[in-house]
Structure formats: structure tokens, C-alpha cells
Amino acid sequence: MPLQNRVTPSGDIIATPHRGLFTGNRGIIHDPATKTLLKKRWSTPAWLTCLCEFRGWRRKVMGGRSWTELFFLDEATAFAAGHRPCFFCRRHDAVRFRAAWEQGNGVTGVRARDIDAVLHRERLSGGKKRLHAVPIPLEELPDGAMVQEGTESFLVLQGRALLWSPSGYRNAPNALQDAMLLTPPSTLRALSAGYRPVLHPSAMALAA
């Protein structure tokens, strides 16, 4: 049986055999004896997106009292859930993200914990996922932004909405009418400032 460790764009953590392109964490939120999640869904405001392989290190998933290994379909999914690149295993990407985040949000000299504090306010409302109004027409959103309509999540790529699933993306069956923004607004501004998230191959195939 797959472990409950896959993060959806809405920030929920589900069980699925599909691992995705990235791992990451929100601190320690599991019981290593049973490899099951605790009731809490985070233990730190630093929600990270990490490489699945780094310097040959291999981690035993939920095997100890270290951080709880979570998995994401791609970086757009991680951003939508409220995560950011890790400054340890993804330093180059993290530096690029911080520069775009500063440019998009009109600030300078921010530290990782400053970004975490903003994201923590933007991704949660009363302990649940916070949705935001879409600030511009959906087709003008930057590539990598994600929105929600009803119970479904969608990636915006080249002005089109692609339906998210744990295994990948497919074309949206209908035009979106009442979508709400999943990607935190400060991250959305970083995307608008030029940061390009890593997308799942299924999205790139649809864009080809």
C-alpha cells in the first residue's frame, strides 16, 4: 500500500503510487513506527521543495524522526501548495526564486524565513488552504500558476488550463468560469517576474 505522502495543489496529503519529480517537507509530521501521518500537517513554517536525489544520499521514507518526506508531481504543484525551493539541495533554484520573489514583490534583502512568513499567511486560512481571487484574466497568468474550480485543480500554461491529476496533466474538458487562485500571490508575482518552475512532462507534451 502506498504511504500517505503525496501533496496535491490544494495542499492536501494523499496516498498514491505516483511519486512525481520532487520531494520536500514541512518538518516532522509522521510516526516512524507506523509510517502514518500525525494529525498535524506541518511543524514548521518552512515548507520546502527538494531534489529526490542529492549527492547520492538515500533516505528511508518515514523511517526515522527526521523530516517527513513528501512528494510533488512537479514544482508548480509544490508552489500551489505553498512550498518554496530548498536552499540546501536546490541552492541555484532557490537563489533564482528569491531574486524573482524580490523583484515581483518590490522588496530587497529578504531571507528565507521572511519568504516563509509571507507564504504561511498566504497559504492558510484557519488551518485550511487559503484561496485567493485571480488578479488578472486566467489566460494572462504566468506559466506555472495553478487555480482551483470546484474540487479540481488546474495548471495554467501558455494561457491554457490543464487539469491536474496525481499521474499528470490533461486538457481541461470545459472552460473555467469561477476559478480561484491556489498559488500564493507572492509566488505568483515571482512567476510573473520570470521564475520558471519545473513542470511535469505531461504538461510539456500538451504544450508542444
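**Close-ups of a predicted model**

**View 1. The second largest pocket and the residues around it.** In this predicted model, the lining of the second largest pocket splits into five nonpolar, three polar and six charged residues. That lining is made up of 14 residues, and Ser10, Gly11, Asp12, Gly127 and Lys129 are the ones nearest the pocket's centre. As for volume, the second largest pocket comes in at about 200 Å³.

**View 2. The largest pocket, with its lining.** Here the volume is about 520 Å³. Look to the centre of the largest pocket and you'll find Thr23, Leu51, Cys52, Trp57 and Arg59 nearest to it, out of 20 lining residues. By class, the lining of the largest pocket has 12 nonpolar, three polar and five charged residues.

**View 3. An open sheet of five strands.** Reading across the sheet, the order goes β14-β13-β12-β11-β15, and the pairing is antiparallel. The edges belong to β14 (168–171) and β15 (180–181), each of which pairs on one side only. Zoom in on β13 (residues 160–165) and its neighbour β14: the two run antiparallel and are joined by four bridges.

**View 4. Helices α3 and α4 where they cross.** The axes of α3 (residues 112–123) and α4 (residues 185–192) come within 8 Å, with a crossing angle of roughly 115°. On the α3 side, the residues in contact are Val118, Leu119 and Glu122; they meet Pro185, Ser186, Thr187 and Arg189 of α4. Sorted by class, this contact has three nonpolar, two polar and two charged residues.

**View 5. Phe54 and Phe88, an aromatic pair.** The structure holds five aromatic pairs, and this view is about the one formed by Phe54 and Phe88. A pair of aromatic rings is described by how far apart the centres are and by the angle of the planes. For Phe54 and Phe88 the centres are 5.4 Å apart and the planes sit at 70°, so this pair counts as edge-to-face. Phe54 is in the loop between β6 and β7 (70–72), while Phe88 is in the loop between β8 (84–85) and α2 (91–105), so the pair ties together parts that are 34 residues apart in sequence.

How values were computed. Residues numbered from 1 in each chain as written. Predicted model: local features only at pLDDT ≥ 70, side-chain atom pairs only at ≥ 80, totals over all residues. Heavy atoms only, no water. Pairing = 2+ DSSP bridges. 1 Å grid on protein atoms, 1.4 Å probe; cavity = no way out; pocket = protein on both sides within 12 Å on 5 of 7 lines; lining within 4 Å. Points joined across faces, edges and corners; volume = space filled by probe spheres on them. Nonpolar A, V, L, I, M, F, W, Y, C, P; charged D, E, K, R; others polar. Axes fitted to C-alpha atoms, helices over the stretch in contact; angles between N-to-C directions. Contact = heavy atoms within 4.5 Å. Phe/Tyr/Trp six-rings, centres within 6.5 Å; stacked < 30°, edge-to-face > 60°.
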